[in-house]
Each structure stands twice: as structure tokens, then as C-alpha cells.
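Biologist: Please show me the model, and then I will ask about it.

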Amino acid sequence: MTAPELILTPTEMKKADLEAVASGIPGVELMRRAGRAVADSAEKIVSRGGTILVVAGPGQNGGDGFVAATVLAERGYRVSLSLLGEPDRLTGDSALVARDWKGQVQRVEDAAFHEADLVIDALFGTGLSRDLDGAARHAVDRMNGSGRPILAVDLPSGIDGETGTVRGIAVKAGRTITFAARKPCHLLMPGRAFSGSIEVADIGIGREILSAMGGRLFGNDPALWLPTLPKPGLSSHKYERGHTLVASGGATRTGAARLAARAALRIGSGLVTVASPPEAIGVTAAHLTAIMLKGCDGPEGLHAILQDPRLNALVLGPALGVHANTRAMVAVAVHARRSLVLDADALTSFEGLASELHGAFRHAPTVLTPHDGEFNRMFKDHPDILDPESKIERARRAATYTGAVVLLKGADTVVASPDGRAAINENGTPYLATAGSGDTLCGLIAGLMAQNLPAFEAACAGAWIHAEAGARFGPGLISEDLAELVPGVLRDLLR
Ligand SMILES: NC(=O)C1=CN([C@@H]2O[C@H](COP(=O)(O)OP(=O)(O)OC[C@H]3O[C@@H](n4cnc5c(N)ncnc54)[C@H](OP(=O)(O)O)[C@@H]3O)[C@@H](O)[C@H]2O)[C@@H](O)CC1
Ligand SMILES: [K+]
């Protein structure tokens with residue numbers, strides 16, 4: 001089993017770079033390795049003899065560009081190099097490697113984009129410190145408008161390495177080659193879309209150095225949670241696989257709970273019960289087979305049901321209604337200290353009332369699964385949580401504040417734990433944006449928690465399996481399909 005993929009922030013990468021230098025690899029050697037890796041990558045796109053334009057910036061990203069230009073010229077490419085800024089203003093390792101470049105250094109304004117078979121974007125990398133304007137902005141605009149294939153060095157210039165946001169304008173790359181580890185911008189939107197396909201080059205900075213950077217950010221791939229995924233043994237009893245309870249809405253709002261319940265059952269929860277308001281029991285009963293049904297009249301009803309200690313995981317929120325009663329049900333669930341997933345109305349009922357949830361979930365495994373709208377409503381009085389540009393930081397702050405794992409949904413779903421770990425999911429598909437998709441996700445997560453997965457691993461595994469199921473189905477996906485696709489995904493994972 002491979003180790004989980006570490007994602008390094010630009011600051012952590014800089015530290016790793018210094019550690020590598022301290023361990024005996026000169027900085028200029030790291031730059032030469034990086035530049036050679038760029039050249040190797042370019043060679044996969046354009047055959048020898050082709051025309052390559054390198055657009056270099058004033059910092060070390062530009063230095064990587066100089067190395068790549070030198071190596072590609074030696075390999076028989078027709079290479080031209082355009083620099084933003086003056087050659088004699090280059091500093092450090094960039095100034096060193098620029099001396100090896102025997103060709104002309106053109107002004108970026110004179111770059112002949114249209115003649116190039118490939119443009120190498122080495123304008124800015126992790127050192128971007130402000131929005132692009134003037135000549136830099138113009139160069140990116142022309143590069144994007146040229147229609148030529150673009151290979152970005154480290155990250156597409158104009159994308160913020162840490163947050164993935166566009167600083168004024170950004171290069172739209174077909175491919176990006178980065179070094180040692182991916183950075184958050186390669187996974188977060190919109191950076192991911194600007195990066196194209198991503199290659200990670202090993203430039204000799206060892207995993208021990210990378211993992212010592214305090215890095216607690218991961219790509220959400222199975223390596224992160226597969227070891228915790230339950231595999232029932234021959235002697236397993238259904239009660240050992242947990243019992244998930246899903247609270248249902250009223251008579252005309254029962255579908256959401258059924259979707260969540262079905263998902264919990266499919267992901268392996270031994271038993272699943274829908275807790276239904278008395279007036280909705282008839283409707284719900286007509287639609288359930290393996291899933292059990294119990295009458296549940298509001299918070300008091302929930303309290304009574306939870307006297308059964310075998311009910312170990314709970315979903316609250318889908319179609320429950322936005323009102324004080326829902327908040328009271330959350331309070332009952334928190335008091336009962338069961339594994340808990342809160343979504344939809346259970347979150348929106350706390351609009352502007354997040355302070356009631358301060359530290360509330362510290363005592364039992366809890367996952368909150370808001371989309372941006374729910375998140376913004378919940379924390380609207382908490383600018384310290386809403387203001388950070390980084391989606392990872394927003395989720396982390398909400399997790400620290402509430403004591404719950406926070407799964408902030410989107411094309412780049414982020415899962416953040418109060419212990420500081422975070423993961424970015426990237427196997428989603430636009431087809432998942434369909435009614436009931438979120439209800440299914442809650443059920444998957446609760447079903448995994450019922451089987452004793454810790455909250456962070458359950459949220460990461462749930463998000464990944466949910467997305468994988470959606471991607472397998474593709475066009476025409478409706479939420480009813482998702483749970484039925486889970487067994488195939490599990491089979492492949494547990495093989
Ligand atoms: N770490 C590693 O392990 C390794 C890192 N390597 C490489 O180093 C890269 C990081 O290099 P870096 O730190 O020099 O930053 P970089 O992105 O070149 O930009 C800084 C320059 O741009 C300027 N500038 C900034 N914003 C601007 C704007 N909006 N408009 C105009 N100018 C702007 C800024 O000027 P200043 O802000 O100082 O005025 C400064 O001159 C990294 O991405 C990777 O490619 C590899 O060589 C191998 C190992
Ligand atoms: K770049």
C-alpha cells in the first residue's frame with residue numbers, strides 16, 4: 001500500500017527546499033533538476049527539432065525556465081527565451097543558471113507566441129505576491145490568446161499556490177509540472193482547472209524531509225483511509241457492523257432520509273432504521289424493505305429512541321425542516337454522544353447561531369457536511385471563519401471552532417479535522433450535482449462511522465466513494481443510482 005499523498009503549501013515547500021540544501025544538495029542543483037524535469041516533460045509534448053518558447057519571470061521560477069531552455073537547445077530544439085524584466089536584475093540561483101543560456105534573451109513584449117509548438121510558462125511560481133498587472137498581465141493574456149499548447153512550470157502563473165485563486169489573470173495550461181509534491185492550488189478550484197494534467201517530478205527531496213514539514217494536508221485518495229475500511233469476517237454479526245439511525249422529514253419530505261438510509265446500508269452498516277414523524281410512517285413504510293422504521297415525534301421521540309445503545313450512528317438534517325425543533329434534535333443527538341452526521345436543514349437551522357455550536361461536538365465523532373451556502377449561513381457572524389481566501393483554512397477554522405470534522409462540499413470538497421489534518425477530494429464529477437446527492441453522502445459517512453471508522457476517515461472515504469460512484473455512472477445519474485453503485489466501488493477497493 002502506498003503512503004497517502006502529502007500536499008505541501010508554498011511555505012512548507014520553501015522550508016523543505018532549505019532542509020534539502022542543509023542536507024547537502026546545493027540550491028542551484030535543485031533548480032537544475034527542476035529545469036531538466038521541465039525539459040523532459042516538454043519532450044513528451046513536442047518532438048526534437050520543434051520550436052519552443054520559454055517565458056521566464058524575474059524569480060526562481062524563471063530560473064527553472066532558463067535551465068529548461070538550455071537543456072532543450074542542447075537536445076536539438078529551436079528554443080527562444082523571453083524574460084519579464086531585465087537580465088541583470090536576476091538574483092541567486094536564477095542569475096547563475098541564466099549564464100548557461102547561450103541564446104538571446106528577448107523582451108517579453110517581443111515573444112513570438114504564434115510561432116511556438118509549445119510555450120513554457122516560467123513567469124511565476126510559488127513566489128507570486130500580488131495581482132498581475134502591466135507587462136506580466138499582458139504577457140499572460142497573449143499566451144492564453146495564442147492557442148498554443150502551454151506547459152506551466154510548478155504552477156500556472158497568476159494562480160495563488162496556496163489558495164488556488166486567480167490573482168488578476170492566470171495562464172491556462174494544458175499541463176503543469178511541479179516538484180517534489182503537489183501544492184494546494186493543483187487540487188483546489190479554480191487552480192486545478194488552470195493546471196491541466198499535472199506531473200510531479202522527483203528532484204531528490206526525500207519523503208522524510210517532506211513529511212517533517214508539519215504538513216497535515218493530503219490528497220484524498222484511498223491510501224488515506226483504506227486501512228480503516230471494515231472487512232467483515234466470517235463470524236461477523238450484523239450488530240458488530242453498527243446500527244445507523246436516519247431522521248426523516250414529514251409526510252411530503254421522506255425521500256431524503258430514505259436515500260441516506262439506503263446508502264448507509266449499502267456501505268455496510270449492519271442495520272439501518274429510519275426515524276419517522278408519526279404522520280409520515282405510512283408513506284415511508286410503503287418504500288422500505290431491509291431498512292427498519294420507528295416512529296419518532298420530535299426531540300422527545302429521538303431521546304426515547306436513543307435509549308437503545310446499539311444505535312451508534314445518526315444522520316440529522318436531510319429534509320428535517322429549518323426550525324427550532326431541528327436545533328433541539330441536534331441537541332438531543334449531541335447529548336447522546338453518538339457518531340453524528342449533520343447536513344442540510346440541521347445546519348441551516350443554525351443560521352447565524354454558530355456560537356451555539358462552539359465546541360459542541362468535541363465529545364463524540366461528528367461530521368458536518370455543508371455546501372458553501374450552508375457554510376456561509378451558519379458562520380455569517382464569524383468573519384474569522386469566513387474570511388480566509390483558502391477553502392482549506394475556512395474548513396479548518398470551522399472544525400476547530402465546533403470540534404467536528406467539517407466536509408465543505410464542492411468540485412474540490414475539503415475535509416478538515418479539528419486535529420489539523422485536512423484532505424482535498426478531486427475525483428468528483430459534475431453529474432453529482434443532482435437532487436439527493438448530498439443525502440446519499442451523509443448516509444455513506446454515517447454508515448462508515450457505524451462500523452467504527454473515525455470521523456475524519458469516514459468523511460474522506462465517504463466523499464471519495466460517493467464521487468467514484470458518480471463518475472462510474474456519468475451522464476443521466478440520479479441519486480437513487482448512487483447507493484446501488486457503491487458495492488462495485490467497494491469490491492474494487494477491498495480486492
Ligand atoms: N522551493 C523549491 O524547492 C524549489 C523551487 N523552485 C522554483 O522556485 C519557484 C519559487 O521561486 P521564487 O520564490 O523566487 O518565486 P517566483 O514564483 O519565481 O516569483 C517571485 C518573483 O516574482 C516577482 N513577483 C511576484 N508577484 C509578482 C507580480 N504579481 N507581478 C510581477 N512580479 C511579481 C517577485 O518580485 P517581488 O515581489 O520581489 O518584487 C519575484 O521577483 C518555484 O515556483 C519553483 O519554480 C525550483 O527551482 C526548485 C526547488
Ligand atoms: K509558472
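Predicted model: local features only at pLDDT ≥ 70, side-chain atom pairs only at ≥ 80, totals over all residues.

Modeller: Residues are numbered from 1 along each chain as its sequence is written, and chains are lettered from A and ligands numbered from 1 in the order in which they are written.

Biologist: Is helix 8 roughly parallel or roughly antiparallel to helix 18?

Modeller: The axes of helix 8 (residues 255-266) and helix 18 (residues 479-494), lines fitted to C-alpha atoms over the stretch in contact, with angles from 0 to 180 degrees between N-to-C directions, come within 9 Å and cross at roughly 5 degrees. Angles under 35 degrees count as roughly parallel and over 145 as roughly antiparallel. Helix 8 is therefore, relative to helix 18, roughly parallel.

Biologist: Which helix gives the most to the shell around ligand 1?

Modeller: Ligand 1 is surrounded by 27 residues, counted when the C-beta atom, placed from the backbone, lies within 6 Å. Helices (H or I, at least four residues) are DSSP runs, numbered from the N terminus. With 5 residues, the one that gives the most is helix 3.

Biologist: Is Gly438 buried or exposed?

Modeller: Gly438 is in helix 16 (residues 437-450), and the UniProt annotation "binding site" (unreviewed entry) covers it; such annotations may be inferred rather than shown by experiment. A residue is buried if 20 or more other C-beta atoms, placed from the backbone, lie within 10 Å of its own, exposed if 12 or fewer, and partly exposed in between. Gly438 has 25 such atoms, so Gly438 is buried.

Technical notes: Helix = DSSP H or I, 4+ residues; strand = E, 2+ residues; numbered from the N terminus. Parallel < 35°, antiparallel > 145°, perpendicular 65-115°, else oblique.
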